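Trainee: Could you walk me through this model, feature by feature?
Mentor: Gladly; have the sequence and the structure open beside you.

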Amino acid sequence: MKFSPRLCLYLMQCAHSCVDHPFLTSGYEGKDCLVFRGTSSWKDVFRDVRSFPSFHEPSGGKVHSGFLSSYEEQREKIPTFTSPPIVAGHSLGAAIALLYASERKVEGIYLFACPKTGTDSFVRKVEEGGRVWRIQNRR
């Protein structure tokens, strides 16, 4: 899969439209997409600051405990796809997208303003599963 500016814009719009739910599923040119929203409540803020490392068995690395907690709360609600989806997220949602991608096959990962989520072994596991694009503001 190669980078698509149009898909990138579409996924960013989806990430900002996840108001009532922690994620949404959609389709783009015949491909399944799974998009996670960013921090949207005080509960999310408290998880964001709970940053001690936790062991993440699927990747064999350590990850941010608050992000892992948010992902685990959503894991069972995420539907099963017939083919690997394109995964995206903004901020907290980007961290959750990485956790999802470390456990399942994905076609590609678009991350908007993604915080540091895990150790090098975690990152290697994610990169095995699909192409990763990080989109962030220039400083």
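The dialogue below takes up the cores, an aromatic pair, a helix, some backbone angles and the cysteines.

Mentor: Keep in mind that this is a predicted model, in which local features need pLDDT of at least 70 and side-chain atom pairs count only at pLDDT 80 or more, while totals for chains, interfaces and linings use all residues. Residues are numbered from 1 along each chain as its sequence is written, and side-chain values use heavy atoms, with hydrogens and water left out.

Trainee: Which residues touch the most other members of the largest nonpolar core?

Mentor: In soluble globular proteins, nonpolar side chains tend to be buried together. A nonpolar core here is a set of buried Ala, Val, Leu, Ile, Met, Phe, Trp, Tyr and Cys residues joined through side-chain atoms within 4.5 Å. Buried means under 20% relative accessible area, exposed over 50%, and partly exposed in between (1.4 Å probe, protein chains only). The largest core has 25 residues, and L34, F36, I78, L99, Y100 and L111 touch the most other members. Elements giving it two or more residues are β2, α3, α4 (92–103), β6 and α5; the largest share, nine residues, comes from α4. Helices (H or I, at least four residues) and strands (E, at least two) are DSSP runs, numbered from the N terminus. Another core, of 13 residues, lies apart from this one, and L7, V35, A88 and W133 are among its members.

Trainee: What does L111 touch beyond its sequence neighbours?

Mentor: Contact means heavy atoms within 4.5 Å. Not counting residues up to four places away in sequence, L111 touches G89, A94, A97, L98, V132, W133, R134 and I135.

Trainee: How many aromatic pairs are there?

Mentor: Rings of Phe, Tyr and Trp (its six-membered ring) pair if their centres lie within 6.5 Å; planes under 30 degrees apart count as stacked, over 60 as edge-to-face and the rest as tilted. The count comes to two. In one of them, F36 and Y100, the ring centres are 6.3 Å apart and the planes meet at 50°, so this pair is tilted. F36 sits in strand β2 and Y100 in helix α4, 64 residues apart, so the pair links distant parts of the chain. F36 is buried at 0% relative accessibility, and Y100 is buried at 2%.

Trainee: Why is helix α3 described as largely enclosed?

Mentor: Because eight of the eleven residues of α3 (residues 65–75) are buried, the rest of the structure largely encloses this helix. Those eight are S65, G66, F67, L68, S69, S70, Y71 and Q74.

Trainee: Which residues other than glycine have a positive phi?

Mentor: Most residues other than glycine have a negative phi. Here E29 has a positive phi of about 50°, and A113 has one near 55°. E29 lies in the loop between β1 (23–28) and β2 (31–36) and is exposed at 66%. A113 lies in the loop between β6 (108–112) and α5 (120–129) and is partly exposed at 41%.

Trainee: How many disulfides does a search of the whole structure find?

Mentor: A disulfide is a pair of cysteine sulfur atoms within 2.5 Å, and the search finds zero. As for burial, C33 has 0% relative accessibility and counts as buried, as does C114 at 15%.
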